[in-house]
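Here is a short briefing to read alongside the model. Take a moment to look it over before going through the points.

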Amino acid sequence: MKSIARDENQVTLIYSSTTRTGERTYGHISAVKDKELQTIDIAKTPLTGTQWAELADELNKPIKDLLSFEDVSDDDELKTADYDENDYINIIKNRPELFAHPIIIHKDEVKQVTNPTQAQEFLGVDSAGLDKKMMYDEPTISSTTKKEHFIDKPDKGDHN
């Protein structure tokens with residue numbers, strides 16, 4: 001039995017709000033409206049060791065590969081030391097900013113995304129929901145500067 005719930009109408013995003021990729025992926029996936037979204041921000045709600053082990057197994061990666069030490073200073077022991085799986089689980093729990101790339105779960109599929117737009121591709125959203133036009137069709141152009149979008153401001157000398 002899986003420790004993270006799965007449903008065909010639900011998408012689960014595991015991300016860290018402390019990373020730019022995590023925040024951007026959250027933005028992309030929250031735009032998908034045809035599925036219920038469950039988000040797990042590991043900076044606020046840490047996963048259990050069992051959940052991390054399960055995700056790493058489903059991604060066919062060691063837990064170490066779920067982390068990125070790219071932004072860690074060269075003199076930091078984390079960058080050079082080699083730890084066991086339990087140590088890496090504790091590192092990811094205590095340093096969520098090291099979580100390399102968000103993970104998306106839909107049905108029985110699990111994917112780690114390196115680019116936020118991959119979230120929508122994984123779910124089959126076509127061009128972020130944009131209408132397709134044939135290249136020979138005229139573009140649809142409309143004004144976004146209608147008069148009702150502006151508020152008349154009184155003159156500074158007008159005290160009514």
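The notes below cover the sheet, the helix lying across it and the salt bridges.

This is a predicted model, in which local features need pLDDT of at least 70 and side-chain atom pairs count only at pLDDT 80 or more, while totals for chains, interfaces and linings use all residues. Residues are numbered from 1 along each chain as its sequence is written, and side-chain values use heavy atoms, leaving out hydrogens and water.

**Sheet and helix**
- Four strands form an open sheet in the order E2-E1-E3-E4, with mixed pairing; strands are DSSP runs of E with at least two residues, helices are runs of H or I with at least four, both numbered from the N terminus, and two strands pair if DSSP finds at least two bridges between them.
- The edge strands, E2 (36–41) and E4 (109–112), each pair on one side only.
- E1 (residues 10–15) and E3 (residues 103–106) run antiparallel and are joined by four bridges; Leu13 has Ile104 in E3 as its bridge partner.

**Salt bridges**
- The count comes to four salt bridges, each a side-chain nitrogen of Lys or Arg within 4 Å of a carboxyl oxygen of Asp or Glu.
- Arg6 and Glu54 meet at 3.0 Å, N to O. Arg6 lies in the segment before E1 and Glu54 in helix H2 (residues 49–58), so this pair ties together parts 48 residues apart in sequence.
- Arg6 also forms a salt bridge with Glu58, at 2.7 Å between the closest N and O atoms.
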